[in-house]
Amino acid sequence: MGQLRTVVSSPETFQKVEEISEKYRDRTLLLGVDDVDLFKGIGLKFLAMEQLLEQRPELRGKAVLVQITNPARSQGKDIQDVQQEAELISRRINTRFGRPGYDPIVLIDRPIKIHEKVAYYAAAECCVVNAVRDGLNRIPYIYTVCRHESPTLKTVKKKSVLVVSEFIGCSPSLSGAIRVNPWNLDAVSEAMNSALTMPEPEKEMRHEKHYKYISSHDVAYWARSFDQDLQRACKDHFLKRYWGIGFGMGFKVVALGPNFRKLSVEKIVKAYKGSLSRLILLDYDGTMMPQGSIDKGPSKEVINIINELCEDDRNVVFVVSGRGKDELSKWFDPCEKLGISAEHGFFTRWNRESEWESCNIALDFDWMRIAEPVMRLYTESTDGSSIELKESALVWHHQEADPDFGSCQAKELLDHLESVLANEPVVVKSGQHIVEVKPQGISKGVVVETLISTMRASNKPPDFILCIGDDRSDEDMFETVSNMKNNCPFATNVEVFACTVGKKPSMAKYYLDDTVDVIKMLQGLAHSSDSNETERDYSLPVSFEGSL
């Protein structure tokens, strides 16, 4: 800004401003400064000016659009086409609405000195930036500073108006600007008219707002901001370990905490054997069953392992899943002593013979009438997607859709649902190929708290907790058991194993690579419950502790 102030306050600029002001006396000056580029929307700007003069005859002879085109950075047919289009449109408009001594569009396509350009900035009542696609674009900032710092305007109140395309990078930072879609000629024309007819106090207010932002967010500010962000992001880098995950365009580097390590079967078996009351919490999809499985039901091996774990009277084993209770009941019918928490804890039963209990929260499901039509709209436009209607939630699945398009649609749906359900008592979350809407206060973390409280009330507080899951909904479980270990004075002797499936940032302290490792680890625990198997070598199924 210092260099710009120097140019604005120079005698050459002052004299040029006087000349421009005299030349366009009794007329209102609109200014455009753009590179000769296909994306700058110069032709669209001229067409909007033509529509303005056509619809507002009273502005003919009064409104002038001065368009300065910076020299082209390269030569080619596209550049020549832009130049020819600008010349043809401006010539046609000047012929149609011009008169002796008045041209509604003044096209300056020659190289001009910096003092002359700054003088036009200072003299113009409005600046129009109409790019159809652009990066930061500093023109609005430069215009605002020139209007504020010009010596010719020191005796009057500072004022300026900006008409900016919503497709340029600086648009969000200019809260007082009139934002337009450059392709919408009606909107651009109306914005120009608003800028020309705007009351003086409003012009002053908008200018003051812009100048305050620009003057406080200078180069030094952004340098400090970037430096602070980098320092904050890198503060714990030396404590973390980094791993590359994925291939091709899906490759990414993840930072993992120093205590995040692969779960050692030897360690967990030792803790398992030394405990008297155990709570084992297992997610289903992606944990005991691979995500890509066509047959979603549990394998015979999984059923056998769960039954072995449940046979030990010291174990309380629960499947905690987002799936519906009817589906889980059918799949795990052979597991008589298995507890199931369905729909993220909305329904819970302690064994096959017990009744389903629903959460004690008073709920209103009117929001489903709002959310379902929105999901149906995205289902119709996304091949391979589907809607799952649960008793307490709605889930949009896109696992069978094209990966890239499905992910893109999921992000849009997430934003759409958050917008329309902003005042409803629900939570909208994305997970592994899903977007889910569920009531507030329902989560797997609440399930863990309830189960632990119930076991304590029965004088069987757990001294061993194993919690395994693979997606974002399971992070609530990990956070709950971690907080219990850290904050509860009665839990100092509790062995807690929070384990995520897959090497990724997580609230869990441990990880296993995939469902195969999970099954092997559970198999090791199940065998260790059998007194005849105590001497078994458990280093074979999975090796670990120091592998990360």
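This is a friendly dialogue on how to read some features of the structure above.

Colleague: What should I know before I start?

Modeller: This is a predicted model, in which local features need pLDDT of at least 70 and side-chain atom pairs count only at pLDDT 80 or more, while totals for chains, interfaces and linings use all residues. Residues are numbered from 1 along each chain as its sequence is written, and side-chain values use heavy atoms, with hydrogens and water left out.

Colleague: Thanks! Which residues have the most contacts inside the largest nonpolar core?

Modeller: The general idea comes first: in soluble globular proteins, nonpolar side chains tend to be buried together. A nonpolar core is a set of buried Ala, Val, Leu, Ile, Met, Phe, Trp, Tyr and Cys residues joined through side-chain atoms within 4.5 Å. Buried means under 20% relative accessible area, exposed means over 50%, and partly exposed lies in between (1.4 Å probe, protein chains only). Here the largest nonpolar core has 65 residues, and Leu 29, Val 66 and Tyr 120 have the most contacts inside it. Apart from that core lies another, of 43 residues, including Tyr 284 and Val 518.

Colleague: What does Tyr 120 touch?

Modeller: Contact means heavy atoms within 4.5 Å. Not counting residues up to four places away in sequence, Tyr 120 touches Ile 20, Tyr 24, Leu 29, Leu 31, Val 66, Ile 68 and Ile 108.

Colleague: How many residues of helix α5 are buried?

Modeller: Helices (H or I, at least four residues) and strands (E, at least two) are DSSP runs, numbered from the N terminus. Helix α5, residues 114-123, is mostly covered, with eight of its 10 residues buried. Tyr 120 is one of these buried residues, as are Glu 116 and Lys 117. The buried residues of α5 pack against several elements, among them α2 (11-23), β1 (28-35) and β2 (63-70).

Colleague: How many disulfides does the structure hold?

Modeller: A disulfide is a pair of cysteine sulfur atoms within 2.5 Å. The structure holds zero disulfides. The sulfur of Cys 126 is 7.0 Å from the closest cysteine sulfur, in Cys 127, so the two are too far apart for a bond. Cys 499 is in no disulfide either, as the nearest cysteine sulfur, that of Cys 467, is 9.1 Å away.

Colleague: Last one: at roughly what angle do the axes of α11 and α17 cross?

Modeller: Axes are lines fitted to C-alpha atoms, for helices over the stretch in contact, and angles run from 0 to 180 degrees between N-to-C directions. The axes of α11 (residues 300-311) and α17 (residues 515-528) come within 9 Å and cross at roughly 35°. Residues including Ile 305 and Leu 309 in α11 meet residues including Ile 519 and Leu 522 in α17.
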